[in-house]
Amino acid sequence: ELHRYLRAALPAADDSLSTIGQQAELLRARLAIEAIRLDGRLATRIEVQAALASRPLAPMLLLPLATNAVRHGIEPSGGGEIVVRAGDRRGSIYIEVADSGAGCAADIRDGVGLGALRKRLSTLYGEHASLVFADRQPRGLTARIEIDAGALA
């Protein structure tokens, strides 16, 4: 799993263009390592619409969201599931990282990671991108990046 993660991460770390599919593979490998570290207390699903896999996406936008989901959602709960979804809706591409953990959208504060992510989204996509958090029912949190499809061309 570590080999797969490094193979997916190293090309993306040089700020070259990546794709949604490559970023999904990076998360798949990273979350597999986290599942091992958490001794099987983490389940994951990655759901990317096939037509979106080859769409361009700046590298390393999703990793901070997955890291936060593990650290602030799954670990405090003793385990759970993380679901990553990417889809196309009304001219926008959305990518969600949802967990079944202990998070609460009202408690989200931009620390170093989320602050840097918001700044990066703004620099790359301007007003064409957003990052929002929402509570899940019965528990958990969803982090959603939404980018106007035209900004990804």
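Which pattern does the protein follow when read along the sequence?

**Figure 1. Overall fold of the predicted model.** Along the sequence, the order of elements is α-β-α-β-β-α-β-β-α-β-β. Along the principal axes, the C-alpha atoms fill a box of roughly 40 × 35 × 30 Å. The radius of gyration is 15 Å, which agrees with the value near 15 Å for a compact globule of 153 residues. Among contacts between residues at least 6 apart in sequence, 72% join residues at least 24 apart.

**Figure 2. Surface and charge of the protein.** Of the 153 residues, 42% count as buried. The protein exposes about 7800 Å², and carbon and sulfur atoms supply 53% of this area. The side chains include 19 positive and 18 negative ones, with the centres of the two sets 1 Å apart. The count of salt bridges comes to eleven.

**Figure 3. Close-up of the salt bridge between Glu-75 and Arg-37.** The two side chains meet at 2.1 Å, N to O. Glu-75 belongs to helix α3 (residues 63-77) and Arg-37 to helix α2 (residues 20-37), so the pair ties together parts that are 38 residues apart in sequence. Both partners are given with their accessibility: Glu-75 is partly exposed, at a relative accessible area of 31%, and Arg-37 is partly exposed, at 47%.

**Figure 4. Close-up of the salt bridge between Arg-85 and Glu-47.** Here the N to O distance is 3.0 Å. Because Arg-85 lies in strand β4 (residues 80-89) and Glu-47 in strand β2 (residues 42-48), the contact ties together parts that are 38 residues apart in sequence. Arg-85 counts as partly exposed at 25% relative accessibility, and Glu-47 is partly exposed with a relative accessible area of 31%.

**Figure 5. Close-up of the salt bridge between Arg-144 and Glu-96, and of the network around this pair.** The closest N and O atoms of Arg-144 and Glu-96 are 2.5 Å apart. The pair links distant parts of the chain, with Arg-144 in strand β7 (residues 141-148) and Glu-96 in strand β5 (residues 92-99), 48 residues apart. Buried means under 20% relative accessible area; Arg-144, at 14% relative accessibility, therefore counts as buried, and Glu-96 counts as buried at 12%. Salt bridges that share partners join Arg-144 and Glu-96 with Arg-45, Glu-47, Glu-81, Arg-85 and Glu-146 into one network.

Conventions
Residues are numbered from 1 along each chain as its sequence is written. This is a predicted model: local features need pLDDT of at least 70, side-chain atom pairs count only at pLDDT 80 or more; totals for chains, interfaces and linings use all residues. Side-chain values use heavy atoms; hydrogens and water are left out. Helices (H or I, at least four residues) and strands (E, at least two) are DSSP runs, numbered from the N terminus. The radius of gyration is taken over C-alpha atoms; the globule rule is 2.2 Å times the number of residues to the power 0.38. Buried means under 20% relative accessible area, exposed over 50%, partly exposed in between (1.4 Å probe, protein chains only). Contact means heavy atoms within 4.5 Å. Accessible areas come from the Shrake-Rupley method with a 1.4 Å probe; for residues, only the protein chains shown count as cover. Lys and Arg count as positive and Asp and Glu as negative; His and the chain ends are not counted. The place of a charge is taken as NZ of Lys, CZ of Arg, CG of Asp or CD of Glu. A salt bridge is a side-chain nitrogen of Lys or Arg within 4 Å of a carboxyl oxygen of Asp or Glu.
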